Amino acid sequence: MKLASTFALTAIAAAVSVLSALPAEALSMFRNIGPQFSQGLPPTGVIDFETPVPGIYNTFSEDYGNIIATGDRLRILPANSAADNYLRLRNLNGSNVTFTSDYKTWDSFGFLFRGRSGPDANMDIVFNLVGGGTFSTTLSTLLTLSGPGNYFSFVAGVGDPTIESVTFTRTSGYINIDNVAYRIVPTPALLPGIIGMGIAAIKKRRDGALEETEADAEA
């Protein structure tokens, strides 16, 4: 029974070690007409900026449930109707917005690009990853990607660090974004399986020991 317990603990520790030792890779980037997320699965949620009401927000903070948006020098604008708002990073130094969650990470993230003030308008996009790493790109880089639309998706590879937060910072002109989507990292299935194996091994060892004891008693 002692050996079985040791086996179970060793198996669990090995699984944790393997998961933590996987190498960090850059996020994959895609351009399409909508979210192109990990394993083809749909987003957990989408922010369409229907709240707060349209207007200028020198300080911005909005809780969208699983995701929080905070920033400075932003504007919510109506498009063709009151139910089609979008977010503008204004043509001002320090205009930025950060999307984050206090208790969840994402394996996929995306946004819809809805225009800019001109071909020179640009912004930096920085992803903070689990473990302290970062991944960054720019709007200009994204627009060189081939694809049928202006929806840009970012996907963490299997075993790679997932996303903790994303910051958009305007560097020139103004930029419009909308339909910010994310997919929460699902609960890993690996560890429960290994724990189950360990429990099964302990039970098998215990049952075997009982059978041996009963056999000795009968002899």
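**View 1. Phe111 and its surroundings in the predicted model**. Leaving aside residues up to four places away in sequence, Phe111 touches Met123, Ile125, Leu142, Asn150, Tyr151, Phe152, Phe154 and Phe168, and also Ile177, Asp178, Asn179 and Val180. Phe111 is listed, together with Phe99, Phe109, Phe127 and Phe168, among the residues with the most contacts inside the largest nonpolar core, which has 35 residues. Strand 12 supplies the largest share of this core, namely five residues. In soluble globular proteins, nonpolar side chains tend to be buried together.

**View 2. Strand 12 and the strands that pair with it**. Strand 7 (residues 106-116) runs antiparallel to strand 12 and is joined to it by seven bridges, with Phe113 having Ile177 as its bridge partner. Strand 2 (residues 45-47) is also antiparallel to strand 12, through three bridges, and here Val46 stands opposite Ala181. Three bridges likewise link strand 5 (residues 86-89) with strand 12 in the antiparallel sense. Because nine of the 10 residues of strand 12 are buried, this strand is largely enclosed by the rest of the structure.

**View 3. Asn176 within strand 12**. Asn176 belongs to strand 12, which spans residues 175-184, and this residue is buried, its relative accessible area being 5%. Arg88 is the bridge partner of Asn176, and the side chains of these two residues are also joined by a polar contact of 2.8 Å. Beyond residues up to four places away in sequence, Asn176 touches Tyr86, Leu87 and Arg88, as well as Leu112, Phe113, Arg114 and Gly115.

Key. Residues are numbered from 1 along each chain as its sequence is written. This is a predicted model: local features need pLDDT of at least 70, side-chain atom pairs count only at pLDDT 80 or more; totals for chains, interfaces and linings use all residues. Side-chain values use heavy atoms; hydrogens and water are left out. Helices (H or I, at least four residues) and strands (E, at least two) are DSSP runs, numbered from the N terminus. Buried means under 20% relative accessible area, exposed over 50%, partly exposed in between (1.4 Å probe, protein chains only). A polar contact is a pair of N or O atoms within 3.5 Å; within protein, one must be able to donate a hydrogen and the other to accept it, and residues adjacent in sequence count only if both atoms are side-chain atoms. Contact means heavy atoms within 4.5 Å. A nonpolar core is a set of buried Ala, Val, Leu, Ile, Met, Phe, Trp, Tyr and Cys residues joined through side-chain atoms within 4.5 Å. Two strands pair if DSSP finds at least two bridges between them.
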